[in-house]
Amino acid sequence: MPPINWTQAVDPNYVLLLPELILVATALLVMVWDFYVSQKRSLVWVTLSGVILALISVWFSANDAKIAAAMAAGQPLEVFGKMLVADGVTFFLKAVALIIAALVILQSVEFVEKYLRGAYLEFYEVLLSATLGMMIMVSSENLVTIYVGLELTSIASYILAGILRKDPKSNEAGLKYFLNGAFASGILLFGLSLVYGVTGSMHLPAIASSIKALAAGQVVGGISAAAMPVLVSGMVMMLGGLAFKIAAFPMHLWAPDVYEGAPSPVTAFFSVGPKSAAFGTILRVFVVGMGVSVMAEKWTLVWAVVAAITMVLGNTAALLQTNIKRMMAYSSIAQAGYILVGVVAAGNLSSGYGTASVLFYALAYALTNLGIFAVISHMETEGGWTEVEHYKGLVFRNPVYAWALMIFFVSLIGIPPTVGFFGKLFIFRAAADAGYLWLALLMAINSVISVGYYYNVVRVMFLEEPEQLPLQRNAGSMTTVLISCVSVIMVGLLSSPVLNIVQQAASMLP
Amino acid sequence: MFMEHALTWIVFTPLVFALVMMFIPKTQEKVLWWLAGIGTLLPLLFSLPLAAGWYSAPVSTEPWAEGMRYVERVLWIKEIGVHYTLGVDGFAFTMLVLSCLLFPLAILASYGYIKERVKDYLVLMLILMVGTNGVFVSLDFMLFYVFWEIVLLPMYFLIGIWGGPRRSYAAIKFFLYTLLGSVVMLVGAIYLYVRTGVQTFNMLQMADATSGLPVDGLTTFAFFALLIGFAVKVPMFPFHTWLPDAHVEAPTPVSMLLAGILLKLGSYAMVRISHPMLPQVARNYAWLLFAAGVTAVVYAAAAAMAQKDFKKQVAYSSVSHMGFFVMALAAASVLEPELGQIALAGGYFVTIAHGLISPAFFFAVGMFYERTHTRDLDKLGGMFLTVPVISFMTAFIAFANLGLPGMAGFIGEFIALTGTYPAFGLWVLIAGVGMVLTAAWHLLTMRNVLLGPAKKEYAGLADVTWKEKLIFAPLAVLIVLFGVWPAPVLNILAQSVETLSQVLAIVGGN
């Protein structure tokens with residue numbers, strides 16, 4: 001037996017890993033920096049520069065000669081023993097994850113200074129780890145690696161939720177998130193082991209080819225088509241575990257409490273960060289791993305039902321909320337339902353618009369929601385104002401916030417000329433093309449229902465008199481709001497380049 | 001340079017002014033009023049050379065703008081085939097000019113009437129103008145939809161902030177109705193796009209492809225999805241219930257615009273989108289449309305008679321007049337082209353006449369309200385003795401509204417009724433009953449408000465001002481002019497009317 005050539009077997013590619021490496025380096029630097037400076041606020045800028053540097057490096061690694069050539073040929077590189085894959089979805093979602101991290105850091109500045117004076121290091125360190133987890137999660141086609149990334153994000157998230165140690169609500173949020181999350185991870189892991197048991201592989205394309213062989217009646221590794229029910233139950237369990245991450249019905253119950261209890265910048269992160277990574281994972285697991293029609297017809301049905309219930313439930317429950325963070329929790333449940341429609345459409349491989357629409361919407365949703373949470377963060381920082389009634393007369397207290405919030409809500413409802421509209425448009429188109437007109441129609445009706453609760457905030461902001469003084473300056477939140485506001489309008493109106501990128505990315509998934 | 005992009009100039013000039021005004025401090029009210037005045041007047045000036053050169057302007061023969069003048073086209077979202085395509089035919093151009101005429105008048109009517117949050121008000125008015133003008137010139141469905149929805153938000157705030165006591169309720173009712181209509185419309189349009197596989201959202205090219213589709217469940221769905229979106233705006237019976245509320249609460253200038261131009265978005269969209277795209281379905285359900293139109297004529301007239309609020313009466317009369325258009329459109333979709341074009345021309349002329357008459361009528365009601373602070377018919381009375389000139393103006397406009405020969409309203413209704421008769425026979429007489437009821441309530445209201453002994457609580461009220469004359473005069477002149485000499489309008493409409501009635505007939509199999 002010849003000696004194994006480890007370099008060849010592992011096939012390392014550090015260009016692909018560049019963003020992650022920069023993030024790790026930043027995390028270490030932050031830790032050291034904390035020892036030597038007394039002005040802890042500077043930690044923010046170190047973290048932020050690291051994230052932005054990583055964001056730039058995503059562009060470099062995507063345009064690396066070898067990687068770009070492989071992508072152009074339609075055969076994306078699989079490196080590190082096929083643990084990581086360098087395709088369009090990877091780069092796009094990595095960029096989204098880093099944009100999210102940057103905007104969360106930006107809006108957390110004042111909050112951390114006021115409430116987390118002693119925990120600067122912890123906050124940014126954990127935030128970086130969570131981002132790192134997300135990036136690993138989206139760049140893998142191997143179930144083990146995906147699981148590792150997912151757990152890194154999850155554990156970091158549990159800590160973030162409970163980071164206000166003296167606040168019982170934050171503690172409750174952390175504990176609740178942890179217990180439920182651990183349970184969901186267990187389900188996911190169990191489903192994963194069943195899939196592995198039947199197909200004999202953790203590598204998604206290999207899983208796909210063994211399912212194809214099984215469906216064709218061949219016997220693979222001693223397993224015949226009779227094992228299909230085991231595979232299906234594994235699939236359903238994985239679906240359940242991933243549904244927890246995106247807070248979809250019936251695994252959504254943790255979201256309102258966690259969103260309400262966690263500090264606002266953290267909630268901002270939860271509402272878009274782990275979610276967008278989880279959608280990337282869902283696309284990979286289901287479209288790549290189980291895109292074979294015999295499985296696809298099963299999971300599209302399950303996801304379609306889940307999507308329908310999730311959006312109706314999220315929107316109707318949000319109508320009853322008086323706390324704006326809880327309201328946004330239900331809103332984000334509803335939004336997950338919308339994105340799932342895109343996932344369902346992606347199940348129809350002959351149609352092929354679903355994946356692109358999911359990716360586009362993930363970006364659209366992140367840009368919009370982070371803007372909203374920047375305002376919420378400011379309000380919580382300044383006076384602990386988290387009830388909708390605290391937003392009375394906001395247009396007189398800070399007109400920029402009020403008008404920007406209006407634009408963000410318009411984007412979430414899906415009214416042009418915002419990015420949310422174009423996101424919805426692409427999902428509608430994908431759904432109609434894949435034969436799910438009823439889901440598109442339900443989604444359209446749901447976006448009208450959602451006006452009910454967004455409108456309530458707008459009414460309070462514009463049509464009622466303020467009870468408090470004008471807001472103080474908060475550079476971090478204001479910058480985030482302005483960045484979000486400009487991108488919500490510009491990415492919408494100039495959606496063509498972004499759409500081009502996501503379509504190319506989608507075409508690399510089989 | 002100007003003529004090549006004339007439509008772009010007309011649409012976006014108000015936007016430029018709105019953006020400039022956002023950076024002017026709100027204490028500079030005089031500057032803001034001037035800017036708003038100029039910003040709304042310029043589009044009117046820009047439209048004059050287009051009107052003057054109408055017959056010498058080249059008519060496009062490109063498939064994406066067949067029969068259109070002043071066309072422009074730029075690629076916008078390549079990936080889904082969306083172009084920035086502008087162009088006008090008779091239907092669009094008459095409405096565009098009407099809109100350009102009404103906005104400066106509305107700004108003038110607001111001067112001195114709107115005293116709070118002047119800056120917000122004017123900026124919203126300008127954005128509203130961008131939306132309405134944009135709808136009339138767009139030849140691409142997505143562009144159309146963007147403008148269509150841009151109309152929604154300014155209108156919500158204009159009613160919700162500057163409206164009457166129940167403004168909040170009226171504003172959200174308007175918003176929800178129209179939003180529900182338009183999202184359903186969007187799904188319908190996307191379905192047609194996917195079904196035909198045309199890869200373009202150009203309205204004319206889509207219509208070429210969709211008018212050949214068979215009449216089945218899904219095309220019927222698409223037709224009604226489109227139609228309901230437009231019917232809410234028109235408003236067609238039974239989707240009209242938002243209108244009286246919105247009008248009663250809206251400030252006078254906003255009412256003028258709402259009745260004068262916003263309702264026409266719906267009627268215009270029917271002749272531009274729903275009927276040309278699916279004439280085969282329109283033909284099948286013409287009786288339904290006819291029934292809705294006739295019911296509106298009679299029911300709204302009767303409802304107007306029962307009102308105690310002067311403004312609500314005028315609001316119901318809008319529903320009644322738009323009923324004539326709906327009825328005539330239904331007739332045109334079953335008749336042969338020679339007969340159908342009479343109905344169509346008459347029906348469309350009704351909308352133009354109504355666009356001149358109803359703003360003037362709402363303005364007259366507003367003049368009384370400003371002086372007496374009531375619209376209650378029981379409290380008004382003897383106005384001929386108190387404010388003779390205003391009363392004369394009101395009597396003039398009331399006669400115009402009830403369809404007195406010699407004024408624009410009569411011409412439209414007469415041609416519409418004559419044109420509808422061949423299609424639906426004596427059923428048309430029901431609309432005749434509506435006309436009698438309309439005449440009756442106008443006479444009753446005039447007796448109530450204008451005649452009788454002078455009331456002493458209104459003694460010493462100031463009569464008409466120069467500003468009011470300036471607003472009223474152009475509308476009054478045009479009403480009489482088109483009443484005795486409708487040819488200029490009918491000639492501009494002729495080509496478009498002929499084309500549409502042929503499209504409706506060819507597919508119908510005549």
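**Group meeting: a look at chain B**

Okay, let's start with Leu86(B). Leaving aside residues up to four places away in sequence, Leu86(B) touches Leu7(B), Thr8(B), Val71(B), Glu72(B), Val137(B), Ser138(B) and Leu139(B). Bear in mind that this is a predicted model. Leu86(B) sits in strand β2, residues 82-88 of chain B. Buried or exposed? Well, Leu86(B) has 26 C-beta neighbours inside 10 Å, so it counts as buried. And if you want a sense of distance, take Ala360(B): it is 274 residues away from Leu86(B) in sequence, and C-alpha to C-alpha the two are 30 Å apart.

The buried residues of α19(B) include Leu437(B), Trp441(B), His442(B) and Val449(B). What do the buried residues of α19(B) pack against? In chain B, that's α13 (286-306), α14 (310-332), α16 (383-386), α17 (388-402) and α18 (408-424). After the helix comes Gly452(B), with a positive phi, near 90°.

Last stop, the interface. Here 26 residues of chain B are in contact with 24 residues of chain A. On the chain B side, α5 (141-150), α6 (152-162) and α7 (167-196) each supply at least two residues. Which one gives the largest share? That's α7(B), with 13 residues. By class, the side of chain B that touches chain A has 21 nonpolar residues, two polar and three charged.

Technical notes: Residues are numbered from 1 along each chain as its sequence is written. Chains are lettered from A and ligands numbered from 1 in the order in which they are written. This is a predicted model: local features need pLDDT of at least 70, side-chain atom pairs count only at pLDDT 80 or more; totals for chains, interfaces and linings use all residues. A residue is buried if 20 or more other C-beta atoms lie within 10 Å of its own, exposed if 12 or fewer, and partly exposed in between; C-beta atoms are placed from the backbone. Helices (H or I, at least four residues) and strands (E, at least two) are DSSP runs, numbered from the N terminus. Two residues are in contact if their C-beta atoms, placed from the backbone, lie within 7 Å. Ala, Val, Leu, Ile, Met, Phe, Trp, Tyr, Cys and Pro count as nonpolar, Asp, Glu, Lys and Arg as charged, and the others, Gly among them, as polar.
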